[in-house]
Amino acid sequence: MAISEVTQKLLAAKKAAGVSFADLEAKVGCDEVWIASVIYRQASASVEEATQIVEAIGADTSLIEPLTECPVKGSLEPVIPTDPLIYRFYEIMQVYGMPIKAVVHEKFGDGIMSAIDFSVDVEREPDPKGDRVKIIMCGKFLPYKKW
């Protein structure tokens with residue numbers, strides 16, 4: 001996956017500042033996953049939000065403007081991802097995609113889950129057999145229009 005120069009600079013500044021995405025959530029007042037999506041250029045921020053992010057990590061102020069621009073979304077190549085963590089999401093959709101689709105259609109009807117009116121939370125769930133990753137996706141249901 002190609003990472004933009006803007007993202008590279010922001011991530012370097014974040015690392016140098018020793019700031020986590022959770023720290024940024026507390027400082028900026030927006031969800032940590034959303035802030036990460038701004039840094040990875042998958043979402044755009046207002047000037048105020050971009051300024052808060054850039055200042056919180058001590059990055060150059062020239063990086064504020066690019067964070068306010070509408071990004072080209074969907075940065076994954078059109079091939080199976082090779083990063084092990086990202087690949088697991090691909091694998092999950094290969095195994096559970098159709099069953100999840102069937103359950104959503106049973107509960108809501110013919111439509112989709114919005115990726116625009118959407119939120120995602122990542123939580124750590126302690127477990128004696130090894131901590132678990134809990135990912136909660138919440139998207140508005142959009143029924144297909146009939147005409």
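A: Begin with accessibility: buried means under 20% relative accessible area, exposed means over 50%, and partly exposed is in between, with a 1.4 Å probe and protein chains only. By that scale Val72 is exposed, with a relative accessible area of 74%. The model is a predicted one, in which local features need pLDDT of at least 70 and side-chain atom pairs count only at pLDDT 80 or more, while totals for chains, interfaces and linings use all residues. Residues are numbered from 1 along each chain as its sequence is written, and side-chain values use heavy atoms, with hydrogens and water left out.

Q: What does the secondary structure of the protein chain come to, and in which order do the elements run?
A: Helices (H or I, at least four residues) and strands (E, at least two) are DSSP runs, numbered from the N terminus. Here the protein chain has six helices and two strands. From the N terminus on, the order is α-α-α-α-α-α-β-β.

Q: Which overall values describe the protein chain?
A: Along the principal axes, its C-alpha atoms fill a box of roughly 50 × 50 × 30 Å. Of the 147 residues, 23% are buried. The accessible surface, from the Shrake-Rupley method with a 1.4 Å probe and, for residues, only the protein chains shown counting as cover, comes to about 10,700 Å². Carbon and sulfur atoms account for 59% of that surface.

Q: How is a contact defined, and what share of the contacts comes from residues 24 or more positions apart?
A: Contact means heavy atoms within 4.5 Å. Among contacts with a separation of 6 or more, residues 24 or more positions apart account for 49%.

Q: Where is Val72, and which residues does Val72 touch?
A: Val72 is found in the loop between helix 5 (64-68) and helix 6. Leaving out residues up to four places away in sequence, Val72 touches Arg41 and Gln42. The C-alpha atoms of Val72 and Lys107 are separated by 32 Å, the two residues being 35 apart along the chain.

Q: Is Arg41 buried or exposed?
A: Arg41 counts as buried, at 12% relative accessibility. Arg41 lies in the loop between helix 3 (32-39) and helix 4 (47-57). Its phi is positive, about 60°, although Arg41 is not a glycine. Thr7, in helix 1, touches Arg41 as well as Ile39 and Tyr40, not counting residues up to four places away in sequence. Thr7 is buried, with a relative accessible area of 1%.

Q: How many salt bridges are there?
A: Side chains of opposite charge can pair when their charged atoms come close. A salt bridge is a side-chain nitrogen of Lys or Arg within 4 Å of a carboxyl oxygen of Asp or Glu. The count by this rule is four.

Q: Which residue forms a salt bridge with Glu5?
A: Glu5 pairs with Lys9, and the closest N and O atoms are 3.1 Å apart. Because they are four residues apart in helix 1 (residues 5-17), Glu5 and Lys9 are separated by about one helical turn. Glu5 counts as exposed at 53% relative accessibility, and Lys9 as partly exposed at 44%.

Q: Which other salt bridges can be examined in this way?
A: One of them joins Arg88 to Glu91, with the closest N and O atoms 3.3 Å apart. Both lie in helix 6 (residues 84-108), three residues apart, about one turn of the helix. Arg88 is partly exposed at 42%, and Glu91 is partly exposed at 31%. Another joins Asp131 to Arg124, with a closest N and O distance of 2.8 Å. Asp131 is partly exposed at 43%, whereas Arg124 is exposed at 69%.

Q: Which side chain of opposite charge is nearest to Lys14?
A: For charges, Lys and Arg count as positive and Asp and Glu as negative, while His and the chain ends are not counted. The nearest to Lys14 is Asp23, 7.7 Å away; Lys14 is buried yet has no salt bridge. Lys14 is placed in helix 1. Beyond residues up to four places away in sequence, Lys14 touches Val19, Ser20, Phe21, Leu24 and Ile57.

Q: What is found just after helix 2?
A: Gly29 is found there, with a positive phi of about 85°.
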